[in-house]
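Trainee: Could you take me on a close look at the surroundings of the ligand in this model?

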Amino acid sequence: MTPEPTREAALARLAAFLPAAGRRYAETRNADDGPRDNAGRSNVSELSPWLHTGLIGEPEVLAAVLAAHSPRAAEKFIAEVFWRIYFKGYLEQRPAIWADYVTGRDGALAAMERNAGLRTAYTQAVEGRTGIEAFDVWAQELARTGYLHNHARMWFASIWIFTLKLDWRLGADFFLRHLMDGDAASNTLSWRWVAGLHTKGKHYLARADNIARYTAGRPGGPLTAERLADDADPLTEPQDYGRQPLDLPRPVLPADLAQPFALLLHDEAAHHAPLALPAAPALVIGAARPEARSPAAVGALAQGFATGAVAGGMAEAAAAFGCPTAEWCSGEPLAALLAQAGVSRIAVPYLPTGWTRDALRADLAPLEADGRAVTLLGDLDRATWPHAKAGFFGVAKAIDSLLAECGITGSA
Ligand SMILES: Cc1cc2nc3c(=O)[nH]c(=O)nc-3n(C[C@H](O)[C@H](O)[C@H](O)COP(=O)(O)OP(=O)(O)OC[C@H]3O[C@@H](n4cnc5c(N)ncnc54)[C@H](O)[C@@H]3O)c2cc1C
């Protein structure tokens, strides 16, 4: 089932999944039961494409889950949502990881062009023709559905790196080009985690018995995975990514938006509702840049979800605020759009480290420099990111206090 890139669909999926977000999620979430044609999976939420595009926000998901379940029963699901916030905060403090990924990916793509053997191995992997059944099924499922179960992502990345011995950055790129939830932080850091680069020296080795056990509920029965590497060493790298201090924008006050302003909606913040703006914009600008995920072709589902989310978000914001919209196309100067509308200020939902920031920042930088851009950052991100200094544990132990601090209690 292909999800609709609308807030309405996100809220409907959240409501449908809520009964399963408690103990049932904790007990069953590790099973990859395969995609269903007419309904979502029953053991995981599949909310990730909507969360990535900001059609729904983490605070409202957490509040809904806490309204339906006790904090204890919902502990696992809540922790997973915090993994997403943790990865974002971690990458904000180590943006060089993303920059080096981009450089390394481009180098690996170029190396493949020069090496026919490598090209063949890569093509077999992304087309699902390696002869390792589970891997081949997931490669084709990813391209066909734009989604993979978390466990499948872990096994797939592990087989890619340790059995097929392909460059991890090519695998991360393959994911970003097809995942509707493709996210610079979760994807890059999860691939690095599997490789043994995130938690240095601790890698994830896929095992055939584990794959068979957790794929037993797939319509075609358990998946096989023969001849997997079982004693590979973790990857290493010369760099040591030191942490740079966070420089987060303060909460926006009504006075910051007292003059007419444009609201920017982008790949990671495509809807106004989770932004809780203190004033109405005079113009809504939409900028979707899914093609910036990779120099290679981005899959139709990933492209379509991002562009659909921004286009739909623009229309809904225009209706809510009674204002015009303008599409900011790639290569077009933002200043010209603002000048045409007679607006000089812009409210920009925080652009986390990743391709959307890379694609938009050159045009936004001058507006930031002369104080005409106001950055919007949600309270939960602002409160959580400082805890994402090293391992997830730093965030995990603060979850209860973070929820309380941000008023996410589950009661209306
Ligand atoms: C190699 C690899 C690559 C990944 N790439 C991405 C990616 O590009 N984008 C992405 O959103 N997630 C990524 N993940 C994390 C995770 O697999 C997905 O978030 C999850 O499978 C989404 O499905 P769901 O919404 O049904 O999750 P649920 O299990 O229902 O979890 C609810 C939400 O919590 C968050 N979440 C759950 N598990 C994780 C996790 N391990 N890390 C971070 N957030 C999590 C997601 O926002 C998810 O929607 C990756 C994991 C691996 C191992």
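Mentor: Happy to! A residue counts as near a molecule if one of its heavy atoms lies within 4 Å of it. The ligand is surrounded by 28 residues, with Y25, S45, E46, Y147 and N150 the closest. This is a predicted model, where local features need pLDDT of at least 70, side-chain atom pairs count only at pLDDT 80 or more, and totals for chains, interfaces and linings use all residues. Residues are numbered from 1 along each chain as its sequence is written, and side-chain values use heavy atoms, leaving out hydrogens and water.

Now for individual atoms. A ligand nitrogen lies 3.2 Å from a side-chain N or O atom of N187. The protein covers 96% of the 820 Å² of accessible area that the ligand has on its own (Shrake-Rupley method, 1.4 Å probe).

Among the elements (DSSP runs, with helices being H or I of at least four residues), α3 (48-53), α5 (75-92), α9 (150-163) and α11 (184-195) give two or more residues to the shell. The most come from α5, with six residues. Domain 1 (7-92 + 384-405) and domain 2 (102-214), with bounds from an automatic or database domain assignment, both contribute to the shell, so the ligand lies between them.

Terms used: Polar contact = N/O pair within 3.5 Å; in protein donor to acceptor, adjacent residues only side chain to side chain.
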